[in-house]
Amino acid sequence: MKKTTKLKEIIQSNDPEFIMEAHNGISAKIVEETGFKGIWASGLTISASLGVRDNNEASWTQVLDVLEFMSDATSIPILLDGDTGYGNFNNARRLVKKLEQRNIAGVCIEDKLFPKTNSFINGEAQPLADIEEFCGKIKAMKDTQQDDDFIVVTRVEAFIAGWGLKETLRRAEAYRRAGADAILIHSKRSDITEIEAFMKEWNGRHPVVIVPTKYYSIPTDRFKELGIQLVIWANHNMRASIVAMKNISRQVYREKNLMNVEGKVATIEEIFRLQQAEELEAAEKKYLPGKKKME
Ligand code: SPV
Ligand code: MG
């Protein structure tokens, strides 16, 4: 099945599905091996992995380069966090063209202005996109895709920016009508009251995606009760690796010795396995003259 079709099925499922953040080839591969059905290519963590801020400091083609490695390393669909689409409708539709060429299954765009800022930094201070303009962007993206199953998720930032339920509903409905495949409702509250209020009024009109980074203590069953289609665990591989890298760097720096560290880190063989080194060895036997004889 095509990656796009797989993502479409995930987004239209009755029960919540879960996708996990990755930010490069190896983390994408780990997400797939773990059993997840899809990957969230997070803007926050891809920029963090490049050592820059989540303010479109990495150019969109630099993000594409990372995505290409992630896509080549995996067979499950990738949903790109495409920020605002990196400009107006024209930039966004060109993005869709390039994503399809790289076998990326879908993209999520948010109704803010380029260059964006992460939703958890001064959310209230961030202006939202004009609704009509944003709807034009959605239409342009949907008109551009060649594969009918390519997914455009639109993310409503009205709760984040402090505009409340009415504006959130107004925007979600406008984006649905403009052709979005699903609506991501973002909230920075530590409880789920905003999402609950939205789901009540929304009444199953169209698939809904959530990112429970701040309301992490809410049991997953609640998402099911509310009728949510897709849950994104948006940044946890990056956060896990920061803790692990800090700990190991500190220990090696302090001890000037690897003895106590060796058992705590992945083996070199594990790196080779994740890189599929064996496949190359087999291919060399098949394609490289003299390789068989040498052994
Ligand atoms: C991301 O993972 O980059 C997201 C989610 O957009 S959030 O950081 O919550 O805005
Ligand atoms: Mg983001």
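**Entry 1: Lys 256**

I looked up Lys 256 and noted that this residue is exposed, with a relative accessible area of 73%, where exposed means over 50%, buried under 20% and partly exposed in between, using a 1.4 Å probe and protein chains only. I found Lys 256 in the loop between helix H10 (236–255) and helix H11 (268–274); helices here are DSSP runs of H or I with at least four residues, strands are runs of E with at least two, and both are numbered from the N terminus. I also noted that phi of Lys 256 is near 45°, a positive value in a residue other than glycine.

I wrote down that this is a predicted model, in which local features need pLDDT of at least 70 and side-chain atom pairs count only at pLDDT 80 or more, while totals for chains, interfaces and linings use all residues. Residues are numbered from 1 along each chain as its sequence is written, chains are lettered from A and ligands numbered from 1 in the order in which they are written, and side-chain values use heavy atoms, with hydrogens and water left out.

**Entry 2: backbone angles**

Why did I write down such angles? Most residues other than glycine have a negative phi, and most peptide bonds are trans. I then checked Asn 56, which has a positive phi of about 60° although it is not a glycine. Asn 56 is in the loop between helix H3 (43–49) and helix H4 (60–72), and at 14% relative accessibility Asn 56 counts as buried.

I next looked at the bond joining Phe 114 and Pro 115, which is a cis peptide bond with omega about -5°. Pro 115 is found in the loop between strand S4 (106–110) and helix H6 (131–144).

Is Arg 171 buried or exposed? I found that Arg 171 is buried, with a relative accessible area of 6%, and that its place is in helix H7 (residues 164–178). A polar contact of 2.8 Å joins the side chains of Arg 171 and Glu 167; such a contact is a pair of N or O atoms within 3.5 Å, and within protein one must be able to donate a hydrogen and the other to accept it, while residues adjacent in sequence count only if both atoms are side-chain atoms. I also noted that the backbone oxygen of Ala 129 lies 3.0 Å from a polar atom of the side chain of Arg 171.

Phe 159 is in the loop between strand S5 (151–156) and H7, and at 6% relative accessibility Phe 159 counts as buried.

**Entry 3: ligand 1**

Which residues are around ligand 1? I listed those with a heavy atom within 4 Å, and among them are Trp 40, Gly 43, Asp 81, Arg 155 and His 186.

I then looked up the distances to oxygen atoms of ligand 1: a polar side-chain atom of His 186 lies 2.8 Å from one, an N or O atom in the side chain of Trp 40 is 3.0 Å from one, and a backbone N or O atom of Gly 43 lies 3.2 Å from one. Taken alone, ligand 1 exposes 280 Å², and the protein buries 100% of that, with areas from the Shrake-Rupley method and a 1.4 Å probe.
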